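The sequence and the structure come next, and the notes follow.

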Amino acid sequence: MGVTLRGPVALLFPGQGVQRPGMGLRLYERYPAARRVFERSEAVLGMPVRRLCFQGPDEELNRTENLQPCVMTVCWAAYEIWRESYGMEQVRVMAGHSLGEFTALAAAGAVSWETALLLVKERGRIMAEASGTQPGGMLAIVGLDEARVEAIRREASALGRLYLANRNADVQFVLSGQVPAVAEAQRLALAAGARRALILTVPLPAHSPLMEAAGSAFRAVLDRLQIEMPEFPILANATGQAIASLNDLRQELGNHLLRPVDWARTMVSLRTMQVTTVVELGPGRVLASLAAKHIPGVDTWNAEELFLEFA
């Protein structure tokens with residue numbers, strides 16, 4: 001490959017929100033490893049994964065039950081290219097944001113990729129059903145500190161249940177809850193001077209206690225799943241710390257739809273582990289950009305940069 005990376009390396013896998021028509025197409029066209037992943041994904045899922053990823057349309061790709069296995073397929077294609085191109089010797093740790101945590105677990109050997117793919121498909125189906133029985137929304141707020149966001153959350157909660165769903169960085173948060181409260185929080189955040197207050201295209205209150213019914217259904221699926229301890233450290237969404245035991249891993253996954261994602265703590269752990277290179281294996285560079293802002297001196301790359309632009 002054309003890039004020499006400084007170790008130790010962290011591999012990061014993005015989640016819902018990075019999807020777009022055309023994702024993974026250039027990797028598919030260039031790398032046999034990516035083609036094998038897409039073909040296997042379609043065989044396992046019985047879905048037109050290539051059409052959805054490469055062509056969309058947005059309305060069909062953005063359906064929760066479609067986008068989750070599609071995003072995971074693109075991430076896994078990037079991971080397989082990584083393994084063939086760079087190997088695993090420099091990798092110290094892995095992490096995935098929300099949906100991406102399942103890709104990280106498969107990459108670290110806790111479950112097979114095919115098993116994780118089917119699990120993610122079922123997760124998407126359960127969440128899609130929840131959007132009908134427990135409608136809600138999510139609001140991304142950028143540019144306000146945590147104390148101000150919490151004050152907004154409390155005030156908006158007068159109109160409905162509202163929770164902190166993602167703590168992505170010091171001034172990047174996501175709130176999740178009932179629609180009137182989400183709309184009110186958007187108004188309050190803009191009035192408070194937020195650089196951005198964007199209602200996400202997620203028609204449910206993910207990573208909040210409002211997902212209890214969906215969480216119970218997902219736990220029933222997990223209870224039937226054979227899971228091993230990962231071969232590499234995995235930083236948990238809930239704590240940002242390395243998962244220490246199989247029991248901790250099952251608790252992490254069992255509460256996955258209910259507990260917030262504390263990505264800011266994940267970045268603290270990456271600093272503590274003295275990671276010098278972050279590679280985001282998936283569409284875009286959302287996680288790589290967060291790392292660049294919050295981990296001093298770190299080198300950051302995404303899949304397209306490594307495997308297309310500088311290969």
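## Aromatic pairs and the chain around them

Helix α5 (residues 64-85) holds both W76 and Y79, which are three residues apart, about one turn of the helix. The model that shows them is a predicted one. W76 is buried, with a relative accessible area of 6%, and Y79 is buried as well, at 2%.

By the ring-pair rule, the count of aromatic pairs comes to ten. One of them joins Y28 and F38, whose ring centres are 5.7 Å apart and whose planes stand at 90 degrees, so this pair is edge-to-face. Y28 belongs to helix α1 (residues 25-30) and F38 to helix α2 (residues 32-45), so the pair ties together parts that are ten residues apart in sequence. Both Y28 and F38 are buried. W76 and Y79 also form an aromatic pair, but a tilted one, with 4.8 Å from centre to centre and 45 degrees between the planes.

## The chain as a whole

The secondary structure consists of 14 helices and eight strands. How does the radius of gyration agree with that of a compact globule? For 311 residues such a globule would have a radius near 19 Å, and the chain has 19 Å, which agrees. Along the principal axes, the C-alpha atoms fill a box of roughly 55 × 45 × 40 Å.

Of the 311 residues, 56% count as buried. The accessible surface comes to about 12,600 Å², and carbon and sulfur atoms account for 50% of that area. Among contacts between residues at least 6 apart in sequence, 74% join residues at least 24 apart. As for charge, the chain carries 31 positive and 32 negative side chains, and the centres of these two sets lie 2 Å apart.

Helix α11 (residues 246-254) has L249, E252, L253 and G254 as its buried residues. Their cover includes α6 (100-107) and α10 (212-223).

M267 is in helix α12. M267 has a relative accessible area of 3%, so it is buried, the cut-off being under 20%. Not counting residues up to four places away in sequence, M267 touches N168, A169, L290, A291, H294 and I295. A147 is 120 residues from M267 along the chain, and the C-alpha atoms of the two are separated by 20 Å.

## Histidine 97

Between β2 (91-96) and α6 there is a loop, and H97 is found in it. Is H97 buried or exposed? At 12% relative accessibility, H97 counts as buried. Neighbours within four places in sequence left aside, H97 is in contact with F13, P14, G15, N166, N168, N237, V261, W263 and L287.

## Backbone exceptions

Most residues other than glycine have a negative phi, and most peptide bonds are trans. The table gives places in this chain that depart from those patterns.

| Site | Backbone feature | Value |
|---|---|---|
| G7 to P8 | cis peptide bond | omega near 0 degrees |
| G56 to P57 | cis peptide bond | omega near 0 degrees |
| H207 | positive phi, not a glycine | phi of about 55 degrees |
| Q274 | positive phi, not a glycine | phi near 60 degrees |

P8 is found in the segment before β1 (9-13), while P57 is in the loop between α3 (49-55) and α4 (58-61). H207 is in the loop between β6 (196-199) and α10, and Q274 is in the loop between α12 (263-272) and β7 (277-280).

Which of the words buried or exposed applies to H207, and which to Q274? H207 counts as buried, at 6% relative accessibility. Q274 counts as exposed, at 59% relative accessibility.

Terms used:
Residues numbered from 1 in each chain as written. Predicted model: local features only at pLDDT ≥ 70, side-chain atom pairs only at ≥ 80, totals over all residues. Heavy atoms only, no water. Helix = DSSP H or I, 4+ residues; strand = E, 2+ residues; numbered from the N terminus. Rg over C-alpha atoms; globule rule 2.2 N^0.38 Å. Buried < 20%, exposed > 50% of the residue type's maximum accessible area, 1.4 Å probe, protein only. Contact = heavy atoms within 4.5 Å. Areas by Shrake-Rupley, 256 points an atom, 1.4 Å probe, with all protein chains shown as cover. Lys, Arg positive; Asp, Glu negative; His and termini not counted. Charge placed at Lys NZ, Arg CZ, Asp CG, Glu CD. Phe/Tyr/Trp six-rings, centres within 6.5 Å; stacked < 30°, edge-to-face > 60°.
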